[in-house]
Amino acid sequence: VSTQSTWDLIIMEKMGSSAEKSPSVLNSLERYVDQKKIWPPSGKHILAHYDDKLVVVYQAFKKEIGSYAATHNTFVGCPEYWYSRMTWIKTNFLWMMFRSAWGTKKNQETTLAIWITRVGFETILEHADVKKSESDLTVRLQWDPDHTPAGGKSGGRRAIQLGLKGSIVERFIKEWIVKIEDISEYVAKCRISGVQETEDLLELVTPRERVYMPFKKEILKHLEADTEEKIIPQSIYIY
């Protein structure tokens, strides 16, 4: 009898037999103070936890939706999930923490790390736009000020936020999601060190993030993202 988990089978089906075990952002944590030294201090950059096949996006929901999604590894069938509403995804963990106040805001108590295919993620990026009216958008692009663990602005760096609407939400949910990971317990454990600018930050560890470089380099121009020759993207192998 096979001992492979459901997640292993899902990943092997979507990625091929090279995937040996389920991914987890908690398997690849680094000290915040160390990561801060290598992140670009300014400009529009996609900071993300990724490898050559998958990329993590974050969302926060009320417990009923978050628990359902993590348990069933899908939002399909969740009675409280509304397909008609624009749903926002973020690649930057600390921006998600700023938005949800480290999981303490109402209806944002459950933090999900959602693993999607890079092909799907780059399809989303290709559809992103800031110039059309909201009614015409399938993906709304926002470059928001990046934030420190305590919520202050992180210099002049901007973080990407993507609002999905219409048919692309269906594809996100039904085609591109590989695994949904509930990391709320981890968020709660590091909440104290994360929200106070004290020496505790020396002990704060966050998911490893590097500058994301799309397979199609023209996507960066489309997003009006900044590029720097000195920044070398490093995909994050965690299997």
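What follows is a conversation in which each term is set against its definition.

Visitor: What should I know about the model and its numbering?

Guide: This is a predicted model, in which local features need pLDDT of at least 70 and side-chain atom pairs count only at pLDDT 80 or more, while totals for chains, interfaces and linings use all residues. Residues are numbered from 1 along each chain as its sequence is written, and side-chain values use heavy atoms, with hydrogens and water left out.

Visitor: How many helices and strands does the protein have, and what makes a run count as one?

Guide: The protein has 9 helices and 12 strands. Both are DSSP runs numbered from the N terminus: a helix is H or I with at least four residues, a strand is E with at least two.

Visitor: Why is Trp102 called buried?

Guide: Buried means under 20% relative accessible area, exposed means over 50%, and partly exposed lies in between (1.4 Å probe, protein chains only). Trp102 has a relative accessible area of 3%, so Trp102 counts as buried. Trp102 is in the loop between H4 and strand S6 (110-117), and has a positive phi of about 55 degrees although it is not a glycine.

Visitor: Why does Asn73 count as buried?

Guide: The relative accessibility of Asn73 is 9%, and therefore Asn73 is buried. Asn73 lies in the loop between helix H3 (63-72) and S5. Asn73 is not a glycine, yet has a positive phi of about 55 degrees.

Visitor: What makes Ser100 buried, and which residues is Ser100 in contact with?

Guide: With a relative accessible area of 0%, Ser100 is buried. Ser100 belongs to helix H4. Contact means heavy atoms within 4.5 Å; leaving aside neighbours within four places in sequence, Ser100 is in contact with Ala60, Lys105 and Gln108. The C-alpha atoms of Ser100 and Thr110, 10 residues apart along the chain, are separated by 9.2 Å.

Visitor: How do you know that helix H5 is mostly covered?

Guide: In helix H5 (residues 118-127), 7 of the 10 residues are buried. They are Arg118, Gly120, Phe121, Glu122, Thr123, Ile124 and Leu125. In the protein, buried residues make up 51% of the 239 residues.

Visitor: What makes a set of residues a nonpolar core?

Guide: The set must consist of buried Ala, Val, Leu, Ile, Met, Phe, Trp, Tyr and Cys residues joined through side-chain atoms within 4.5 Å. The largest such core has 39 residues, and those with the most contacts inside it are Phe75, Ile116, Ile124, Leu162, Phe172 and Leu223. Helix H6 (residues 167-176) gives the most to this core, with 5 residues. Apart from it lies another core of 24 residues, including Val178, Tyr186, Val187 and Leu204.

Visitor: Which residues does Leu223 touch?

Guide: Not counting residues up to four places away in sequence, Leu223 touches Ile46, Leu125, Ala128, Leu141, Trp143 and Ile160.

Visitor: Why is the pair of Phe93 and Tyr186 called tilted?

Guide: Rings of Phe, Tyr and Trp (its six-membered ring) pair if their centres lie within 6.5 Å; planes under 30 degrees apart count as stacked, over 60 as edge-to-face and the rest as tilted. The rings of Phe93 and Tyr186 are 5.8 Å apart centre to centre with 40 degrees between the planes, so the pair is tilted. The pair links distant parts of the chain, with Phe93 in helix H4 (residues 93-100) and Tyr186 in helix H7 (residues 184-189), 93 residues apart. Both Phe93 and Tyr186 are buried. Ring pairs link Tyr58, Phe93, Trp102 and Tyr186 into a cluster, and a search of the whole structure finds 11 aromatic pairs.

Visitor: What makes a space a cavity or a pocket?

Guide: On a 1 Å grid over the protein atoms alone, a cavity is a set of points where a 1.4 Å probe fits but cannot get out; a pocket is an open set with protein on both sides within 12 Å along at least five of seven lines; and lining residues have an atom within 4 Å of a point. Grid points are joined across faces, edges and corners, and a volume is the space filled by probe spheres set on the points.

Visitor: What volume do the largest cavity and the largest pocket have?

Guide: The largest cavity has a volume of about 30 Å³, and the largest pocket holds about 630 Å³ of space. Of the 18 residues lining that pocket, the closest to its centre are Ala60, Phe61, Arg85, Met86 and Asn107. Residues lining the largest cavity include Lys44, His45, Tyr212 and Asp226.
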